Amino acid sequence: MIGVVGLNYWGPNLVRNFSDLAELSWLCDLDERQLGQIGARYPGARTTTNFDDLLADGSVDAVVIATPVPTHYALAKQALEAGKHVFVEKPPAMRAVEMDELVALADSRDLVLMPGHLLLYHPGVLKVKELIDNGDLGEVLCVYGNRVNLGIVRSNENALWSLGVHDLSVILYLLDEDPELATAQGSASIHPGVEDVVFCFLRFPSGKIAHMHLSWLDPHKMRKMTVVGREKMVVFDDMEPERKVTVYEKRAGPNGELFSGDISIPKIETTEPLRRECSFFLELIAGEHDKSKVARDGARVVRALEMLTTSLNG
Ligand SMILES: NC(=O)c1ccc[n+]([C@@H]2O[C@H](COP(=O)([O-])OP(=O)(O)OC[C@H]3O[C@@H](n4cnc5c(N)ncnc54)[C@H](O)[C@@H]3O)[C@@H](O)[C@H]2O)c1
């Protein structure tokens, strides 16, 4: 049995999926109007404005948290302490020390702690990972992400925390390393103190480097990740309706100059990433996959976010 907390913008997407995949028994939001609206669509689920009601119900195995980021740590901690498996939207904590505490808590109680890094369940990202891991690209040299557009400029969350967390989770997943250096520079031109444009640079112990351009002030709408390997290069472009992954070969000229070679479009699955993500959580609860790795990978993202934030504020 599953309870979902936070039902405004993103929560209803999780509710829709979990109600298809599992038994949805509770819906929770502080806002009565929101609760009433979503609750009316799922008459089988009980509704409450008090998170404690979910935790007190012994038949609830797992809670799904889709509240604002600053509330994640406290709610996830409460749920783990109550013996519930936890799916928590990204990032589960705002400080590495808090995330480490959640990871240790989940581990000591043998519970699932899964951060909602949606892109890690995107078939395009999984394809890029496969190309890297099976050596198709050769040694990976650098990765860079572009997540830019004109859009809602949040007044309480900067572009690094709102947009960058997606790319960071993908970069760390693809490279499977903690950065030894993570620097960021940005500017806040709309809401004072809240960066709307951020450039980040990361260097890894293996020598690989990565970059992220994050912005709400840009003429392009880009959701793109490029991986440059010694042999081939691959681009994951989530704005492309069909050709989401493109592999570029290169060839050397007689004087060592590089020319573009064949371009190919690998076939990828069409499963909705959110459906995969929700199914994965249920599979973790059922004992499939490595649950401690999922939690530890989430901690790696929070650590890197913290390094970037320190640099941005410095
Ligand atoms: N994976 C994705 O692609 C994606 C996309 C959008 C948002 N998100 C994440 O989802 C989360 C929610 O985002 P949103 O845009 O829906 O936020 P929101 O602020 O629009 O909604 C949050 C809801 O949580 C409720 N809430 C807050 N504290 C609560 C508490 N203690 N108990 C019960 N209800 C509480 C609020 O009343 C509100 O209805 C954030 O962590 C965000 O980062 C993820």
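Asp-176 is placed in the loop between α7 and β8, where helices (H or I, at least four residues) and strands (E, at least two) are DSSP runs numbered from the N terminus. The structure is a predicted model, in which local features need pLDDT of at least 70 and side-chain atom pairs count only at pLDDT 80 or more, whereas totals for chains, interfaces and linings use all residues. Residues are numbered from 1 along each chain as its sequence is written. Although Asp-176 is not a glycine, its phi is positive, about 55 degrees. Asp-176 is partly exposed because 13 other C-beta atoms lie within 10 Å; a residue counts as buried if 20 or more other C-beta atoms lie within 10 Å of its own, as exposed if 12 or fewer, and as partly exposed in between, with C-beta atoms placed from the backbone.

The protein is divided into domain 1 (2–116) and domain 2 (120–270), with bounds that come from an automatic or database domain assignment. The centres of domain 1 and domain 2, taken over C-alpha atoms, are separated by 30 Å.

Two strands are said to pair if DSSP finds at least two bridges between them. Axes are lines fitted to C-alpha atoms, for helices over the stretch in contact, and angles run from 0 to 180 degrees between N-to-C directions.

A second open sheet comprises eight strands in the order β8-β9-β10-β7-β11-β12-β13-β14, and its pairing is mixed. Its edge strands are β8 (181–187) and β14, each pairing on one side only. Neighbouring strands are turned by 15 degrees against each other on average, direction ignored. Strands of a sheet pair through backbone hydrogen bonds, either parallel or antiparallel. Strand β7 (residues 140–148) runs antiparallel to β11 (residues 222–229), and eight bridges join the two. Along this pairing, Val-143 stands opposite Val-227, and Gly-145 stands opposite Met-225. On β12 (residues 232–237), an antiparallel partner joined to β11 by five bridges, Asp-237 stands opposite Lys-224. A hairpin of two residues connects β11 to β12.

Two helices lie across strands of this second sheet. Helix α6 (residues 123–133) lies across β7, β11, β12 and β13 and runs at about 170 degrees to β12. Its buried residues are Gly-124, Val-125, Leu-126, Val-128, Leu-131 and Ile-132, and the elements that cover them include β7, α7, β11, β12 and β13. After α6 comes Gly-135, with a positive phi near 85 degrees. Helix α7 (residues 159–175) lies across β7, β8, β9 (197–203), β10 (209–215) and β11, at about 155 degrees to β7.

Several loops were also examined. Gly-256 is located in the loop between β13 (245–252) and β14 (258–264). This residue is exposed because 6 other C-beta atoms lie within 10 Å. Gly-256 and Met-212 are 44 residues apart in sequence, and their C-alpha atoms are 29 Å apart in space. His-289 occupies the loop between α8 (273–285) and α9 (291–313). Its phi is near 60 degrees, a positive value in a residue other than glycine, and His-289 is partly exposed, with 13 other C-beta atoms within 10 Å. In the loop between β5 (85–89) and α5 (96–109) lies Pro-91, which is joined to Lys-90 by a cis peptide bond with omega of about -20 degrees.

The ligand is surrounded by 22 residues, of which the closest are Gly-6, Asn-8, Tyr-9, Trp-10 and Glu-89. A residue is near a molecule if its C-beta atom, placed from the backbone, lies within 6 Å of it. The shell divides into 11 nonpolar, seven polar and four charged residues. In this division, Ala, Val, Leu, Ile, Met, Phe, Trp, Tyr, Cys and Pro count as nonpolar, Asp, Glu, Lys and Arg as charged, and the others, Gly among them, as polar.

Notes. Contact = placed C-beta atoms within 7 Å.
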